[in-house]
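Welcome! Here are some exercises to work through with a structure on your screen. Try each task yourself before you read its solution.

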Amino acid sequence: MDRWSENGAQSASRALDRVLRRAIETMEMSRDQIYEIAEHAREEYEALKKELDAVREDVRRHIEQNDALEREVKKMRRRLMEVSQHFHRYREPDIREAYEAAHRAQMALTLNREKEIFLRKRRDELELRLKNLERTLEKADRLLAQVSVVLSYLQGDIARMTEALASAESAQIFGLKIIEAQEEERRRVAREMHD
């Protein structure tokens, strides 16, 4: 082999080394991006969890309010029945007040029930989003672990491969020097025989 073949082997070795280093850089960038995605998902998860806790508390509070309002509506209806049954004993302002109080209590109950329904839907949506985020986080963590394993494998392999290539390169250079020495010896012997 000549000097040109030696340069070709070194060039191939450097090209392989560049390819491996680029692969490692790409894997490192991917790992960093996956980590950022996972962190963003964790932040969103925590924010949703807080919002869900607040919505659950609102639902609980509205249920209690509905119970109290239902008792109030029943009380107002009893009062209205009493006024209606004994119409002749009550004055007109008392009758009007009984109807208006029953109407206000019923409206408050209706509005509170609608708000409770809205809050329950919101709670269900948040719970679903939270479950989806949990799955996303699990996938991101698994992917991050896999990329880290591949990256450490590549980084370890590049060190071993560089050593192996250097060793092979040294052996190749040594072999070339032996061949060159043999060729030089043949030429010397040929010159001596010629002389």
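**Exercise 1. The overall build**

How many helices and how many strands does the chain have?

Solution. Step 1: before counting, note that this is a predicted model, where local features need pLDDT of at least 70 and side-chain atom pairs count only at pLDDT 80 or more, while totals for chains, interfaces and linings use all residues. Residues are numbered from 1 along each chain as its sequence is written, and side-chain values use heavy atoms, with hydrogens and water left out.

Step 1: helices (H or I, at least four residues) and strands (E, at least two) are DSSP runs, numbered from the N terminus. Counted this way, the chain has two helices and zero strands. Helix α1 covers residues 3-85, and helix α2 covers residues 92-194.

**Exercise 2. Contacts along the sequence**

Among contacts with a separation of 6 or more, what share comes from residues 24 or more positions apart?

Solution. Step 1: a contact means heavy atoms within 4.5 Å. Step 2: the share is 88%.

Step 2: find two examples given by C-alpha distances. Ser30 and Leu144 are 114 residues apart along the chain, with their C-alpha atoms separated by 8.9 Å. Ser30 belongs to helix α1. Glu125 and Leu52 are 73 residues apart, and their C-alpha atoms are separated by 9.3 Å. Glu125 is in helix α2.

**Exercise 3. Salt bridges**

How many salt bridges are there?

Solution. Step 1: a salt bridge is a side-chain nitrogen of Lys or Arg within 4 Å of a carboxyl oxygen of Asp or Glu. Step 2: the count by this rule is 17.

Step 1: Glu44 and Arg129 form a salt bridge with an N to O distance of 3.4 Å. Glu44 is in helix α1 and Arg129 in helix α2, 85 residues apart. Glu44 is partly exposed at 30% relative accessibility, and Arg129 is partly exposed at 35%.

Step 2: The closest N and O atoms of the salt bridge between Arg60 and Glu64 are 2.5 Å apart. These two residues both lie in helix α1, four residues apart, or about one turn of the helix. Glu116 meets Arg120 in a salt bridge of 2.8 Å, N to O. Because they are four residues apart in helix α2, Glu116 and Arg120 are separated by about one helical turn. Arg120 is partly exposed, at 31% relative accessibility.

Step 3: finish with a network of salt bridges, which links Glu39, Arg42 and Asp141.

**Exercise 4. A charged patch**

Which residues form a positive surface patch?

Solution. Step 1: patches are made of residues with over 30% relative accessible area and no salt bridge, where like charges are joined within 9 Å and nonpolar side chains (Val, Leu, Ile, Met, Phe, Trp, Tyr) within 5 Å. Lys and Arg count as positive and Asp and Glu as negative; His and the chain ends are not counted. The place of a charge is taken as NZ of Lys, CZ of Arg, CG of Asp or CD of Glu.

Step 1: the patch is formed by Lys131, Arg135, Lys139 and Arg142. Step 3: check one member. Arg135 lies in helix α2 and is partly exposed, with a relative accessible area of 43%.

Terms used. Areas by Shrake-Rupley, 256 points an atom, 1.4 Å probe, with all protein chains shown as cover. Buried < 20%, exposed > 50% of the residue type's maximum accessible area, 1.4 Å probe, protein only.
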